[in-house]
Amino acid sequence: MLPSQDKPQLPLPTPDARAASDALIAKIRAEIDAHGWISFADYMRMALYAPGLGYYAGGAAKFGQSGDFVTAPGLSPLFGACVAGSLAPVLDALDHGDVLEFGAGTGHLAAQVLAELERLDCLPRRYQIVDVSAELAARQRATLSTLVPHLVDRVQWLDRLPEQFVGCVIGNEVLDAIPCDLVYRDSAGALFERGVVWKDGFNWEDRLLAPGPLLALASALELPADYLTEIQPQMQGFIHSVATMLTRGAILFLDYGFPSGEYYHAQRNRGTLMAHYRHHSLTDPFFLPGLSDLTCHVDFSAVYNAADQCGLQLEGYVSQAQYLLDAGLPERLAALPPAQYLSAASATHKLTSPAEMGELFKAIAFSRNLALPALLPGFRNADDSYRL
Ligand SMILES: C[S@@+](CC[C@H](N)C(=O)[O-])C[C@H]1O[C@@H](n2cnc3c(N)ncnc32)[C@H](O)[C@@H]1O
């Protein structure tokens, strides 16, 4: 599974990293040998989260210049300050509930949100983190101890969802990392699940979709002929669990994706599944398992429908650019001292430009049992919910 000859420009992994990838390949192959075929969601789950070896569970750098990708909190602390600005009115209304962050990555968003909430005199009682990666939880603790040492006592790492939760739930680029299933509709109109087999390496094999939840979801999409795409039933299940847990408060997710009309557009006939390796985007999800991130775009209509079915109220759905502009990014940028301005201005451009993250990324927020006097910062100036 070394970079093949058509990818000569990709950096080679170290011998240790390659050995870890080989061990993960052997583990996934054993799973295939045991069953003959595995779903792509099972492949992705192991490739990302197999203990000690999966991309998020192993030692890969992942984030930042030395890693494979950069996320918004790594670009500028202003991002987390804007998120905190959206949470503050909710925490006020709840007389300072808790914050629960899913998939906290390096811990930078947590540090930024806590610092800004402290500045606003609106600290949550507890800042809870749920992350499927133990390796990242250790990294989050180190980041928080460095950036906001006096607030670390408020931070708790949970290994499961609380049964009930009052407060604010946040997650940046978490939904795209939840394993997806692959579905193919052939030119005769039959629906298949695309799974993974071993034939001198990982290979695709389609199986006719049997009656069940995936067939129901795929049929409802009325996909065009000769069409490959992703469906995320696990992500919908995740939204269901989070919504069920929230007794009072709000939920804010930011991620890249589209409403279903754009996601399942006839021209997007090969889906959105991608691997990220050292700042290269690859279409081959079998490339260096455990050393490449795997992701699919998020179907925000599916997010909305799952939340709506659980009785959550939509607070807003907008592009990331609209969200950040209304959540005070320009004002926060203008207030920076000259020494910090240039790099923050460049990050602001990346976060909001339609050619970068501004349009592809979206913000969506829900609430339950909250009577807020006004729309949340970030959602006051625009409303794209009619697209969902
Ligand atoms: C692309 S990273 C984003 C990290 C961070 N939020 C950021 O913006 O930099 C995805 C994160 O989601 C976590 N994750 C994936 N599925 C999860 C789940 N079901 N529950 C909690 N965390 C999850 C991963 O371990 C990882 O920390």
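The ligand sits in the largest pocket. A pocket here is an open set of points, on a 1 Å grid over the protein atoms alone, where a 1.4 Å probe fits, with protein on both sides within 12 Å along at least five of seven lines; a molecule sits in it if more than half of its atoms lie within 2 Å of its grid points. Please keep in mind that this is a predicted model, in which local features need pLDDT of at least 70 and side-chain atom pairs count only at pLDDT 80 or more, while totals for chains, interfaces and linings use all residues. Residues are numbered from 1 along each chain as its sequence is written, and side-chain values use heavy atoms, with hydrogens and water left out.

Around the ligand you will find 18 residues, each with a heavy atom within 4 Å of it; Tyr49, Thr71, Gly103, Asp131 and Asn172 are the closest. A polar side-chain atom of Asp131 lies 2.5 Å from a ligand oxygen, and a backbone N or O atom of Asn172 is 2.7 Å from a ligand nitrogen. The protein covers 94% of the 600 Å² of accessible area that the ligand has on its own (Shrake-Rupley method, 1.4 Å probe).

Now for the cysteines: there are zero disulfides, taken as pairs of cysteine sulfur atoms within 2.5 Å. For Cys122, the nearest cysteine sulfur belongs to Cys168, 8.3 Å away. Cys180 has its nearest cysteine sulfur, that of Cys296, at 3.9 Å.

Conventions:
A polar contact is a pair of N or O atoms within 3.5 Å; within protein, one must be able to donate a hydrogen and the other to accept it, and residues adjacent in sequence count only if both atoms are side-chain atoms. On a 1 Å grid over the protein atoms alone, a cavity is a set of points where a 1.4 Å probe fits but cannot get out, and a pocket is an open set with protein on both sides within 12 Å along at least five of seven lines; lining residues have an atom within 4 Å of a point.
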